[in-house]
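Subject: Structure handover and notes

Hello,

Here is the structure I said I would pass on. Please have it open while you read the notes under it.

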Amino acid sequence: QQLQQLQQLYTSNLDYRNFKFLPDDIIYCDPPYANTEKYSKQSFNHDEFWQWVRECKNPVYVSEYSAPADVIEIGSMSKQALLNHNVSTRKIVTERILWNGKGSNHSDGLF
């Protein structure tokens with residue numbers, strides 16, 4: 001049964017603003033984290049992204065360190081930040097899974 005569920009997954013690295021979602025889609029986003037080292041030359045508008053998350057009719061789950069107060073945290077895990085190449089100065093961060101509150105909370109089946 002789990003294999004059948006995995007076969008239904010569709011992954012994409014398209015810009016979230018240009019992707020056409022179906023009404024029953026469950027969306028997981030892993031955007032560049034706010035206030036961290038940039039790993040791309042392209043900038044990312046976090047305010048615009050969170051507004052899209054709020055307005056999206058589908059359930060949207062986001063991996064991020066922080067979020068606006070109106071987004072629901074459904075899980076978290078502390079870990080060592082890996083982008084800093086100096087092991088002695090790496091800090092412990094809390095990665096959160098956040099949900100826009102749309103549809104049913106699928107967190108028990110997703111994570």
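Below are the notes, from the overall layout down to single residues.

**Ground rules**

This is a predicted model; local features need pLDDT of at least 70, side-chain atom pairs count only at pLDDT 80 or more, and totals for chains, interfaces and linings use all residues. Residues are numbered from 1 along each chain as its sequence is written, and side-chain values use heavy atoms, with hydrogens and water left out.

**Confidence**

The mean pLDDT of the protein is 81. (pLDDT is the predictor's confidence in each residue, from 0 to 100.) A score of at least 70 is reached by 76% of the residues. Among the elements, α2 has the highest mean, 95. Helix α3 (residues 107-110) has the lowest, 58. Where pLDDT is low, the predicted coordinates should not be read in detail.

**Layout**

The protein has 3 helices and 4 strands. Both are DSSP runs, numbered from the N terminus: helices are H or I with at least four residues, strands are E with at least two. Their order from the N terminus is α-β-α-β-β-β-α. Of the 111 residues, 25% count as buried. Buried means under 20% relative accessible area, exposed over 50%, and partly exposed in between (1.4 Å probe, protein chains only). Take the contacts between residues at least 6 apart in sequence: 64% of them join residues at least 24 apart. A contact here means heavy atoms within 4.5 Å.

**The sheet**

The 4 strands form an open sheet with mixed pairing, in the order β1-β2-β4-β3. β1 and β3 (72-80) are at the edges with a single partner strand each, so one side of each has no neighbour in the sheet. On average, neighbouring strands are turned by 15 degrees against each other, direction ignored. Axes are lines fitted to C-alpha atoms, for helices over the stretch in contact; angles run from 0 to 180 degrees between N-to-C directions.

The pairings are as follows. Two strands count as paired if DSSP finds at least two bridges between them.

- β1 and β2 are parallel, with 3 bridges. Cys-29 has Val-62 in β2 as its bridge partner.
- β2 and β4 are antiparallel, with 4 bridges. Ser-63 is opposite Ile-97 in β4.
- β3 and β4 are antiparallel, with 8 bridges. Met-77 has Glu-95 in β4 as its bridge partner.

Helix α2 packs on this sheet and touches β1, β2 and β4. Its direction makes about 150 degrees with that of β2.

**Helix α2**

Which residues of α2 (residues 46-55) are buried? They are His-46, Phe-49, Trp-50, Trp-52 and Val-53. Seen down the helix axis, they fall within an arc of 155 degrees, so they line one face of α2. The arc is that of the directions from the helix axis to the C-beta atoms. The face turned away from the buried side carries the exposed residues Asp-47 and Glu-55. The cover over the buried residues includes β1 (27-29), β2 (60-64) and β4 (92-99). At the start of α2, a side-chain oxygen of Asn-45 comes to within 3.2 Å of the backbone nitrogen of Asp-47.

**Strand β2 and Ser-63**

In β2, 5 of 5 residues are buried. Val-60, Val-62 and Glu-64 point one way from the strand, and Tyr-61 and Ser-63 point the other way.

Ser-63 has 1% relative accessibility and therefore counts as buried. Its side chain makes a polar contact of 2.5 Å with that of Glu-95. A polar contact is a pair of N or O atoms within 3.5 Å; within protein, one must be able to donate a hydrogen and the other to accept it, and residues adjacent in sequence count only if both atoms are side-chain atoms. Leaving out residues up to four places away in sequence, Ser-63 touches Tyr-28, Cys-29, Asp-30, Pro-31, Tyr-33, Glu-95, Arg-96 and Ile-97.

Ile-97 is in β4. Its relative accessible area is 16%, so Ile-97 is buried.

**Asp-70 and Arg-54**

Asp-70 is in the loop between β2 and β3. At 46% relative accessibility, Asp-70 is partly exposed. The side chains of Asp-70 and Arg-54 make a polar contact of 2.6 Å. These two residues are 16 apart in sequence, and their C-alpha atoms are 8.6 Å apart.

Best wishes
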